[in-house]
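Trainee: Please take me through this model. I will ask about one point at a time.

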Amino acid sequence: MLLAELASTSREIAATRARTVKSERLASLLRRLVGDEIEIGVAYLSGHPRQSRLGIGGAAVQGVRGAAAALEASLTLSEVDAALARIGSLSGPGSAGERQRSLATLFERATAEEQDFLGRLLVGELRQGALAGVMEDALAKATGIAAPEIRRATMLSGDPEAVARAVLHEGRTALAGFRVQLFRPVQPMLASPADDLDAALERLGEAALEYKLDGARVQVHKAGDDVRVFSRLLNDVTVAVPELVAAVRALPARELI
């Protein structure tokens, strides 16, 4: 699939506030993705590239946004993903300059709309409303699987891209492969967004408020003496919290999350 198709869908879902319309547009695109495009497309439309560390900041993106844009769309999702993977692999002396040159080469192949999409994707500013819940609804529509089943698989795996690929390839039977597993962090419960306070109260009917204490939310997995701690973003932060490791290691349970 061309990046232009995905960028166009992103623009369309950003232009509407209706959740059902967003999920329908996403479902239509999901049905057209094949192979590795599924994980790439789901990641991009969720607002982030597949690579967790690219070494690309706002200044680097700003430096290439003025590159002459291609007149016709030719970039595929796979080509963009491969280019970003190469950029993310660069290290050592001279890597900063090579990273900027590689990024410029990628942007020169992109149309103006694709440049805008890529720029916002790389700096985390892709404000299109394709949040996790909307993507799960879209995946349910694209596969005919009930949304709660999709959400459960996503929660247990911590990997929405893998869930999307599995169910789009294999259907409902693929859900059996997603279960609670030690040292595979489970997605945490997050607040559901609303457009404003009135919309939130309309959905809730009645609400209670409480003070929010500042801090870090973590989950800890233990099997015997092996203890690992994961952040809310599912990153392994074990080395940063030795006091938690010691406390959990001392608990009587042999296995726990």
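Mentor: A definition to begin: buried means under 20% relative accessible area, exposed over 50%, and partly exposed in between, with a 1.4 Å probe and protein chains only. This is a predicted model, in which local features need pLDDT of at least 70, side-chain atom pairs count only at pLDDT 80 or more, and totals for chains, interfaces and linings use all residues. Residues are numbered from 1 along each chain as its sequence is written, and side-chain values use heavy atoms, with hydrogens and water left out.

Trainee: Which side chain of opposite charge is nearest to Arg 99?
Mentor: Arg 99 lies in helix 6, residues 95-108; helices (H or I, at least four residues) and strands (E, at least two) are DSSP runs, numbered from the N terminus. Arg 99 is buried and has no salt bridge, a salt bridge being a side-chain nitrogen of Lys or Arg within 4 Å of a carboxyl oxygen of Asp or Glu. Lys and Arg count as positive and Asp and Glu as negative, while His and the chain ends are not counted. At 9.7 Å, the nearest side chain of opposite charge is Glu 98.

Trainee: Which residues does Arg 99 touch, not counting residues up to four places away in sequence?
Mentor: Contact means heavy atoms within 4.5 Å. With residues up to four places away set aside, Arg 99 touches Leu 54, Gly 55, Ile 56, Ile 87 and Leu 90.

Trainee: How many salt bridges does a search of the whole structure find?
Mentor: In general, side chains of opposite charge can pair when their charged atoms come close. The protein has 31 positive and 33 negative side chains. Searching the whole structure gives a salt bridge count of 17.

Trainee: How many residues apart in sequence are the parts that Arg 165 and Glu 39 tie together?
Mentor: Arg 165 and Glu 39 form a salt bridge, with their closest N and O atoms 3.4 Å apart. Arg 165 is in helix 10 (residues 160-170) and Glu 39 in helix 3, so the sequence separation of the parts they tie together is 126 residues.

Trainee: In which helix does Glu 136 lie?
Mentor: Arg 151 forms a salt bridge with Glu 136, and the closest N and O atoms are 3.3 Å apart. Arg 151 lies in helix 9 (residues 147-157), 15 residues apart in sequence from Glu 136, which is in helix 8 (residues 132-143).

Trainee: What relative accessible area does Glu 136 have?
Mentor: Arg 151 is partly exposed at 32%. Glu 136 is buried, with a relative accessible area of 11%.

Trainee: What covers the buried residues of helix 1?
Mentor: Helix 1 has 12 residues, 3-14. Its buried residues are Leu 3, Ala 4, Leu 6, Ala 7, Ser 8, Thr 9, Ser 10 and Ile 13. The cover includes helix 2 (19-30), helix 3 (37-45), helix 5 (77-89) and helix 7 (112-122).

Trainee: What separates the C-alpha atoms of Glu 210 and Ala 250?
Mentor: Glu 210 sits in the loop between helix 11 (197-204) and strand 1 (218-223). With a relative accessibility of 75%, Glu 210 is exposed. Glu 210 and Ala 250 are 40 residues apart along the chain, and their C-alpha atoms are separated by 32 Å.

Trainee: Where is Leu 234 found?
Mentor: Phe 183, in the loop between helix 10 and helix 11, has a positive phi of about 70° although it is not a glycine. Leu 234 is not a glycine either and has a positive phi of about 70°. Leu 234 is in the loop between strand 2 (226-231) and helix 12 (242-249).

Trainee: What percentage of the residues in the protein is buried?
Mentor: The protein has 12 helices and 3 strands, and its C-alpha trace spans about 65 × 50 × 40 Å along the principal axes. Of the 257 residues, the buried share is 39%.

Methods: The place of a charge is taken as NZ of Lys, CZ of Arg, CG of Asp or CD of Glu. The expected span of a helix is 1.5 Å times one less than its number of residues.
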